[in-house]
Amino acid sequence: MGKVLWNPGTLLGPVPPALVTCGSVEQPNVLTVAWTGIVNTKPPMTYVSIRPQRYSYGLIKESGEFVINLTTAALVRAADFCGVKSGRDMDKLAACGLTALPAGKVSAPVLGESPLSLECQVREIIELGTHHMFLAEILAMDVEESLIDKEGKLHLERAGLVGYAHGTYYGLGERLGTFGYSVRKRPPKGRRHRPSRRSK
């Protein structure tokens, strides 16, 4: 199958249409960010890339804190709305019926409707061009209790998370494998029972 060479672009996908909260519980704001991801394990580090013209940019730069809230199928409409409307003009949380809750480690609020939220503190701002990257350390996570079983294991697959690819939102589909399944050893096949040899 042939391929056509295109100019460079931002077609990596799918990406998470994350709802990023900033400001304070008393004066919260939320925007949708697709340019986000994990960059380090220890310490846990993430980033969000935001245009300086966005209202949330100033709020995050001033406080040095934000919260990344994962988006579910039930939150897709809110995620789309918060990606095209500005907090300069309206209270987007009120417009979408979203709840701002106090975070445990940062001043920015946690989104009550999100199943998992990452509380972040900015470590560096990198000016890349159209967007500036807020490189941040994850200080804490807020997890929906119903996603944790009796043994304390997280079942994020139950949350109904969504992805965003080339202008379209998608619900995550069927499970195709788990981490490391391609190299995991198969359990040995059962051996046929052989009667033990006893001296006569």
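View 1. Cys82 is tucked away at a relative accessible area of 0%, and buried here means under 20%, with exposed over 50% and partly exposed in between (1.4 Å probe, protein chains only). This is a predicted model, in which local features need pLDDT of at least 70 and side-chain atom pairs count only at pLDDT 80 or more, while totals for chains, interfaces and linings use all residues. Residues are numbered from 1 along each chain as its sequence is written, and side-chain values use heavy atoms, with hydrogens and water left out. A disulfide is a covalent bond between the sulfur atoms of two cysteines; the cut-off used is a pair of cysteine sulfur atoms within 2.5 Å. By that rule the count is zero disulfides. Cys82 is in none, and its nearest cysteine sulfur, that of Cys96, sits 4.0 Å away.

**View 2. Ser114 in the loop between S7 and S8.** Ser114 lies between strand S7 (110-111) and S8; strands are DSSP runs (E, at least two residues), numbered from the N terminus. At 6% relative accessibility, Ser114 counts as buried. Its side chain reaches two backbone oxygens: that of Leu70 at 2.7 Å and that of Leu116 at 3.1 Å. Leaving out residues up to four places away in sequence, Ser114 touches Asn69, Leu70 and Leu75, where contact means heavy atoms within 4.5 Å.

**View 3. S8 and its partners.** Strands pair if DSSP finds at least two bridges between them. S8 (residues 116-127) runs antiparallel to S5 (residues 65-69), with five bridges, and Asn69 stands opposite Ser117. S8 also runs antiparallel to S9 (residues 132-143), joined by 11 bridges, with Val122 facing Ala136. In the hairpin of S8 and S9, four residues lie between the strands, and Gly129 takes a positive phi near 145 degrees.

**View 4. S4, covered on both faces.** Strand S4 (residues 45-50) has six of its six residues buried, so it is largely enclosed by the rest of the structure. In a regular strand the side chains alternate between the two faces of the sheet. Met45, Tyr47 and Ser49 are buried on one side, and Thr46, Val48 and Ile50 on the other. S3 (residues 36-40) joins S4 antiparallel through four bridges, with Ile38 opposite Thr46. S4 also pairs antiparallel with S9 over six bridges, where Thr46 partners Ala136.

Notes. A polar contact is a pair of N or O atoms within 3.5 Å; within protein, one must be able to donate a hydrogen and the other to accept it, and residues adjacent in sequence count only if both atoms are side-chain atoms.
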